[in-house]
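Subject: Structure handover

Hello,

Here is the structure you will be working with. Please open it and keep it on screen while you read my notes below.

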Amino acid sequence: MTSPPPTATPVARPPGPAPEKPGDGPGKDPEDRSAADRLLWRAARHSGGRGAAILVCSVASALAALAEPAVLGRALDLLLGHDPAAGRLVLLCTALIVAEVVLDAVVALLTGTTNARSTAWLRGRAVTRLLAASPEHAARFAPGDLATRLTANATEAGTVPASAAAGLAALLPPLGGVAALLLIDAWTAAAFLAGVPLLLLLLRAFARSSTESVSRYQRVQSAMAGRLLETLAGAHTVAAAGTAARERHRILTGPPGLPELAAEGRAMWLVYGRAVAHSGVLMPVLVCVVLAVGGIRLAQGALGVGELVAASRYAALAAGVGAVSGLLGAVVRGRAAARRTAEVPALPPLPHGRALLPPGGPGALELRGVTVERAGTAVLADVDLTLPGGATVAVVGRSGAGKSLLAAVAGRLLAPDRGRVLLDGVDLAALDPAELRREVGHAFARPALFGATVGAAVAFGAASPDDGAVRSAGRAAGADGFVQRLPGGYRTPVADAPLSGGERQRLGLARAFAHAGRLLVLDDAMSSLDTVTQREVERALTQQVRPGTRLLVTHRLSRAAGADLVVWLDRGRVRATGPHHELWRDPGYRALFAVPEPDTEPAPAAAPVPPEADR
Amino acid sequence: MTAAETETDTHTGTGTETVAGPVEARAAAPAATEPAGPEAPGVAAQGRRFLWRRRRVLVALGGWSLLEAAHTFLSGYGVAKALDDGFLAGRTGTGLLWLAVAAAGTLLGGLAVRGVFTALAGLVEPFRDGLVRRAVSGALAAAIADPARADNSAVSRLTHQSEIARDSFAGLVLTARSFVFTGVGALVGLASLDPALLPVVLPPLLLGLALFLSTLAPMAAAQRAFLDADEALSDRVGAVGAGFRDVVACGGQGVIGAELDRLIAAEARLARRLARWAGVRTLALGAAGRLPVVALLLAIPWLLRGGATAGALLGALTYLLQALLPALHALMTAFGAAGSRLLVVLERFRADPALPDSAAPEAASAFPDPGPPGAASALPDPGPPGAASAAPDRVALGAAPPLPARVLSESAPAVPEPTAPEAVPVCPRPGPPGAAPAPTGPAAPEDPGPPAAELRGVTFAYGPGARPVLDRLDLTVRPGEWLAVVGPSGIGKSTLTALLAGLLAPDRGTVTLGGALARDPSGRAPLQRRTLLPQQAYVFSGTVRENLRYLSPDASAADLRRAVAALELDPLIDRLGGLEATVGPERLSAGERQRLALGRAHLSRAPLLLLDEATCHLDPDTEERAERALAARPGTTLVVVAHRISSALRADRVLLLDGDRALCAPHDELLARSALYRDLAGLWETG
């Protein structure tokens, strides 16, 4: 294996904010696009009145701008001729200019408020749908990517309605300018139009070369970001080894690193400068050409000075298609951003029903023909299980056997592709979501904590247990001791609490205990506890936590031995079910524990399924 | 430049309308609204230094800009002359000639713009480089100060925010420069057309500018609040995304939804506030750009009486509408939007924290002068940093095993033997237990050398009000000893290794390694004295060789082979594609990462190895072989925070932490003395 060129090395999917996607151009999928457009359309309708107001004000401002040169020219002519009627025209011209200024200010205000409104609407919608989705589907967005979609992308998408409205009005001055030129003198219009194709050509040339250097630039950036993320993930080692300076050098110089970034950056400026120079030259030259033709007509007596002034202004207005293209560009970018945002509300919801559980049920869990497929392969295949209420059931098996999937399906963090999961006889799919989360709790190997303080993190959930319940859950989970050692005890902000993996795990357990219902799913949730703590937690689980069915995913022999029932998973299938001592006769089963396998699970995955590379 | 402006659109503004167009469009967006407020003197001072170092680029920029001013001058002057001397005088040829001069001036302007951009790149790219360096240094400094909370928001600083700053900075330089030079060209032009034009045009222009300037401070505040709100939302969404499984599992969607809705509404409110300021700013722009035209119009009878010509009026209008107005637009947009964003973003980049340079502090802390008097004098003078600090250790590794101890032993008499308090008996070093023969004879028991590591009365708490994690702990680890640290989770085992490694400073008491302070008063750790392997093994994108040599970059091929052989890494390395194969953290399992890290530790030259559950992802067999291989490394003192009781069985002595007391004794003795230990051992054996 030869090392691939650095640029080809895929950057680790950053767990943090995603770098801007290079060349995140128009999506290829027409379905995505129409979904995004539908979303934008609904956002626009949400602020329909404001959008209309923007359109009206922009049009009025454009009309004033179009009228101004003619009035100005006429006023100039009259003033030069010392005509007393000039006063009225000067007033009219002043009024037009003032109206333009005021209307522009109103448009700016309305655009800002409309953008704010549209953005908030888009975000609200994305949040609502996100929260209704299953973790597995949501996991396709890396956290930073999700944040980008809901912040920067949503902001950009939110400008589309206002930009579209303003863009329509922005068409008026160029079109009106050409028309006015025609009215003043056909020759000036002809001179102007001859120069336009050149303008368009130049603009296109820029569009091509610029995006290339931009995407190369962004590739270098994301390579650097990837290295930074790696180093941050290894912060413990870097701190201990005192290698921060070396890491800094590695991150910055790559390759590709700062030298490449600067080279691409310079290329971008040159391309950009060339384009600006070209388009900057073009407009005044066009005006000069119009003036030349107008001057000749003036010398011929076909035009007055005022009309020449007007013609030069109209030529400038007509050349100002930049405004249109700018707004058009905003719409194009906004649509691209909307596609990224729209993928969030397009997440399929995790279906729920309205059914309630029979009160006081024991928590009997039944899986019937449960199948979960990934990329066409069954990762859980036809799992049939009947777990008696109140039983402690261990799920064992090698890494990748589907243990965590089984745990997720049992607690409906994941809807099976086929088959049903019944809790006390009620299909989880038909169960009311509030009832579901009240009665089914989870704890994980690597819990994510929510809540401002450690206490709030334990209390987090559908219901809010009081301080006493939080503390007793903390005691049951073996967390009370270290929480007391934190600077502010349970009131310590989570952000200020130096928590180890095992401590987080115990807070996750405490959270599950504080909300315990009839089924508790512990997915490897004690893996980081030492055996004494583990034994204490187990004791507390039986004595202090609300009784119910426990489903434990575990690698440890002691846990399997202590369970009422063991489910042995092997490559997505149930290989055997039974008490530990019965299974123990099977050499294959013993092999699971004989040499505890090294932990081959890939690095912390927040969700059952590793996030896909985002698109 | 339509789709073209993917990245660079904010820095338009070269004084032409085609360019100003998109700027106007953007200016209306609320996100792009803000001014330069009362900026921190720090930013200003650093900015001045930055510019001073790039005088030559600035001179080039000025030169090209002067050309642009000439272009502006010609644009109005040529038009005026064309009318007065040409078309109105019936001399069409002269008129065309003057227009040709104006057009030529435009071409000159185009040339100037290209030159300006070239010079601009010379200013902006180093600026961005500096920001990226700061972002990386800042992130690393924060991460090593508190590894448990390494924060990925720095990535946004590296990519997103540095780009905002780069674009904003470029936009400011472009437009400010353009406005100044266009203004100079236009004013000179107006004065040469008819000096009477100046008093007519200047007052409304200055009035508008003043209005604009007065909005800067409040807009900066509004923009800052807006950006903060945006960041808060972004952080929260990121956290929810990272922990979404937990949100669903807890049924916390309602709580989280309400929280996010609040953040979204707060940001929308701030965006509306910004929109109002955008309206005010547009008014200011209108006043500055359009009122001069009105003034000119009203003053025409007066100007005509003063002898102004039709050409002069047309020229004046050309200056006002075709040069000044677009330059103003660009300036206000840049200062309104980019300026404040730049300031807000720059504040996050303010300091460039000095990172410890790996060579220098080692020398300083490995041989600290304030250490035990004898030790310092007995040691060779460290001399210049890097070289000297590395040398003794290289000798130590290459030569006879117990050399570090021997070197130190020369200074030993000066080091007082610690008095063992009653509660924590410092047990005599037992011979290698039968179960775990430590192959390299550790320093002989009678060796009076200073302890490899020593804690005296160490107390440490994570906060003034918190219960101490370690309370008056005394511990002596002898050179060559193998110590296992056991105790319930969260009892302070990791804290102990961090104290030994000099990463934390004790609240009370002292920690010494080989007689020298583990953490010198300036907070530096003795890198050459100890290697700490944390539970989270670090593998970076690079070759296997680079990863293995991480702690000793100049290790020889033979050293590398020895380490690989000792830790039986050959199959793993073969599978990865050999020593030269590129690996990345995402392609290795946690266990594989730990194995590479163990190889790295073997290769390091530090005599004291601290393993903080560094083998937790390995199976017991591999773990045992790895521990033995490290213990067998010449001159090694090994402290292992045990993940399994088997680690304790192999060790010479076991330190049992139980929160209130600490006991240190060989395994058998501890079994006899501690119920907790019996409990731990019993459970671990079955587990």
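Two residues are in contact if their C-beta atoms, placed from the backbone, lie within 7 Å. You will need that for several points below. Two ground rules come next. This is a predicted model, so local features need pLDDT of at least 70 and side-chain atom pairs count only at pLDDT 80 or more, while totals for chains, interfaces and linings use all residues. Residues are numbered from 1 along each chain as its sequence is written, and chains are lettered from A and ligands numbered from 1 in the order in which they are written.

**Chain A overall**

Chain A has 24 helices and ten strands. Helices (H or I, at least four residues) and strands (E, at least two) are DSSP runs, numbered from the N terminus. Of the 615 residues in chain A, 59% are buried. A residue is buried if 20 or more other C-beta atoms lie within 10 Å of its own, exposed if 12 or fewer, and partly exposed in between; here too, C-beta atoms are placed from the backbone. Take the contacts in chain A between residues at least 6 apart in sequence: 81% of them join residues at least 24 apart.

Chain A splits into domain 1 (30-342) and domain 2 (365-613). These bounds come from an automatic or database domain assignment. Over C-alpha atoms, the centres of the two domains are 52 Å apart.

The UniProt record, an unreviewed entry, annotates several stretches of chain A as "transmembrane region", including 48-67 and 87-110. UniProt positions are given in the numbering used here, feature names are shortened, and annotations may be inferred rather than shown by experiment. Residues 48-67 of chain A are 100% helix and 0% strand, with end C-alpha atoms 28 Å apart. Residues 87-110 of chain A are also 100% helix and 0% strand. Their end C-alpha atoms lie 34 Å apart.

Now find α3 (residues 86-132) and α7 (residues 160-170) of chain A. Their axes are 8 Å apart and cross at an angle of about 145°. Axes are lines fitted to C-alpha atoms, for helices over the stretch in contact, and angles run from 0 to 180 degrees between N-to-C directions. On the α3(A) side, the residues are V107(A), T111(A), T114(A), N115(A) and S118(A). They meet P161(A), A162(A) and A166(A) in α7(A). The contact holds four nonpolar, four polar and no charged residues. (Ala, Val, Leu, Ile, Met, Phe, Trp, Tyr, Cys and Pro count as nonpolar, Asp, Glu, Lys and Arg as charged, and the others, Gly among them, as polar.)

P161(A) turns up again with R45(A). The two are 116 residues apart in sequence but 8.7 Å apart in space, C-alpha to C-alpha. R45(A) sits in helix α1 (residues 30-46) of chain A. R45(A) counts as exposed because it has 11 C-beta neighbours inside 10 Å.

**The sheet in chain A**

Six strands form an open sheet in the order β6-β7-β8-β3-β9-β10 (chain A), with mixed pairing. Two strands pair if DSSP finds at least two bridges between them. β6 (440-444) and β10 (573-578) of chain A are at the edges; each has a single partner strand, so one side of each has no neighbour in the sheet. From one strand to the next, the twist averages 15°.

Strands β3 (residues 392-396) and β9 (residues 565-570) of chain A run parallel, joined by four bridges. A394(A) has V566(A) in β9(A) as its bridge partner. Helix α20 (residues 501-514) of chain A packs on the sheet and touches β6 and β7 of chain A.

**Chain B**

Chain B has an open sheet of four strands, ordered β2-β1-β4-β5, with antiparallel pairing. Its edge strands are β2 (470-477) and β5 (516-517) of chain B. Two bridges join β4 (residues 508-513) of chain B to β5(B). T512(B) stands opposite L517(B) in β5(B). Helix α14 (residues 493-500) of chain B lies across β1 (453-460), β2 and β4 of chain B, at about 125° to β1(B).

Finally, look at Y550(B), in the loop between α15 (544-548) and α16 (557-566) of chain B. Is Y550(B) buried or exposed? Y550(B) is buried, because 27 other C-beta atoms lie within 10 Å. Leaving out residues up to four places away in sequence, Y550(B) touches A241(A) and R600(B).

Best wishes
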